[in-house]
Amino acid sequence: MAFAQTLWDKAKSEVSSPPTIENCDCRLGMMRIDDNHVSLVLTDPPYFIDGMDNNWNSHKLKKRVKPGVVGALPAGMKFSSEQGRNLQKFLQPIAEEWMRILRPGGFALVFSQNRLVHRTALALEESGFEIRDMLLWKYEGQAKAFTQEHFVRKSKLQESEKERLIKKLGGRKTPQLKPQGELIVLAQAPREGTFVQNWDKWETGLIDVSNPYIDRGRFPGTVMAVSKPKKRFGHMTAKPVDLLRHLIRIFCAPGSLVFDPFAGSGSTGVAALLERREFLGFEIETDMARRANERIGELHV
């Protein structure tokens with residue numbers, strides 16, 4: 001029997017024990033999942049900026065991070081063409097496993113840092129996925145652009161030269177507009193036959209727009225306005241449960257299996273259980289996996 005199904009059956013047989021997030025590297029954990037077993041991949045992989053890569057360490061990052069700032073730079077200001085290439089190199093073999101474990105027609109919804117989202121899409125496309133759309137999680141962020149005046153003030157130039165430069169700069173800042181959204185790649189595994197034939201066999205590949213969680217009564221759009229979560233459960237990039245519920249409700253059928261290989265604080269698991277879906281998650285950080293399981297356990301009770 002498939003590992004994922006065994007985990008879910010155990011949870012259902014023990015009333016006091018909800019489905020758990022396993023503390024392991026998803027690249028190893030996915031090897032134990034049978035082909036065509038998952039209906040939806042909904043995940044937020046490492047962004048590969050400012051230490052948020054495959055060597056992600058929450059404790060180290062928290063020491064360097066202040067609101068909007070990593071080290072001495074605004075978050076996301078450490079620009080390097082290598083970041084995107086490293087992200088694609090890391091994500092592509094993982095996406096190949098998603099292709100294997102997803103049912104035909106199943107969707108993968110993958111959050112990504114906006115300026116590297118093309119690499120996320122390429123990793124999925126090179127793995128056999130069809131890129132169906134780009135969705136936007138709209139929120140109100142904090143401005144991160146830095147003025148250059150303080151750098152000039154700290155320089156060893158003469159005061160007259162400093163004043164000249166400051167006047168010429170005219171208050172200009174680093175090239176970062178106020179962030180107001182984050183992109184989500186919507187990818188789909190190839191179908192078997194027509195949409196109808198695929199749904200009849202696998203119950204994947206079509207969307208349910210009859211009862212969206214956000215903007216109820218309106219046809220769901222590609223822009224979803226949801227505030228950032230006030231409580232992040234120890235995770236720097238936690239996503240709002242309402243947004244995840246909205247996506248799950250549209251892109252997979254009730255009772256189907258939602259998979260998050262980068263489970264973090266467990267928000268996807270919480271959303272899946274609230275929407276009466278099965279859930280399987282992996283989280284490589286031991287402390288984060290423990291917190292996520294506690295959070296899901298409280299919901300279950």
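This is a predicted model: local features need pLDDT of at least 70, side-chain atom pairs count only at pLDDT 80 or more; totals for chains, interfaces and linings use all residues.
Tutor: Local features need pLDDT of at least 70 and side-chain atom pairs pLDDT 80 or more, while totals for chains, interfaces and linings use all residues. Residues are numbered from 1 along each chain as its sequence is written, and side-chain values use heavy atoms, without hydrogens or water.

Student: What makes up the secondary structure of the chain?

Tutor: Eleven helices and eleven strands. Helices (H or I) are DSSP runs of at least four residues and strands (E) of at least two, numbered from the N terminus.

Student: Why is Lys 239 called buried?

Tutor: Buried means under 20% relative accessible area, exposed over 50%, and partly exposed in between (1.4 Å probe, protein chains only). Lys 239 has 6%, so Lys 239 is buried.

Student: Why is Asp 44 placed in that class too?

Tutor: Its relative area is 15%. That is under 20%, so Asp 44 counts as buried.

Student: What makes Lys 239 and Asp 44 a salt bridge?

Tutor: A salt bridge needs a side-chain nitrogen of Lys or Arg within 4 Å of a carboxyl oxygen of Asp or Glu. Here N to O is 2.6 Å, so the pair qualifies. The two residues are 195 residues apart. Lys 239 sits in the loop between strand S9 (223-225) and H9, and Asp 44 in the loop between S2 and helix H3 (58-64).

Student: How do you know that Arg 32 and Glu 22 form a salt bridge?

Tutor: Their closest N and O atoms are 3.0 Å apart. That is within 4 Å, so the pair counts.

Student: Are Arg 32 and Glu 22 buried, exposed or partly exposed, and why?

Tutor: Arg 32 has 38% relative accessibility and Glu 22 has 24%. Both values lie between 20% and 50%, so both residues are partly exposed.

Student: What does Glu 275 pair with?

Tutor: Arg 249, with the closest N and O atoms 2.9 Å apart. Glu 275 lies in the loop between H10 and S11 and Arg 249 in helix H9, so the pair ties together parts 26 residues apart in sequence. Both are buried.

Student: What makes a nonpolar core?

Tutor: Buried Ala, Val, Leu, Ile, Met, Phe, Trp, Tyr and Cys residues, joined through side-chain atoms within 4.5 Å. The largest one here has 33 residues. Leu 109 and Phe 251 are among those with the most contacts inside it. Its largest share, seven residues, comes from H9.
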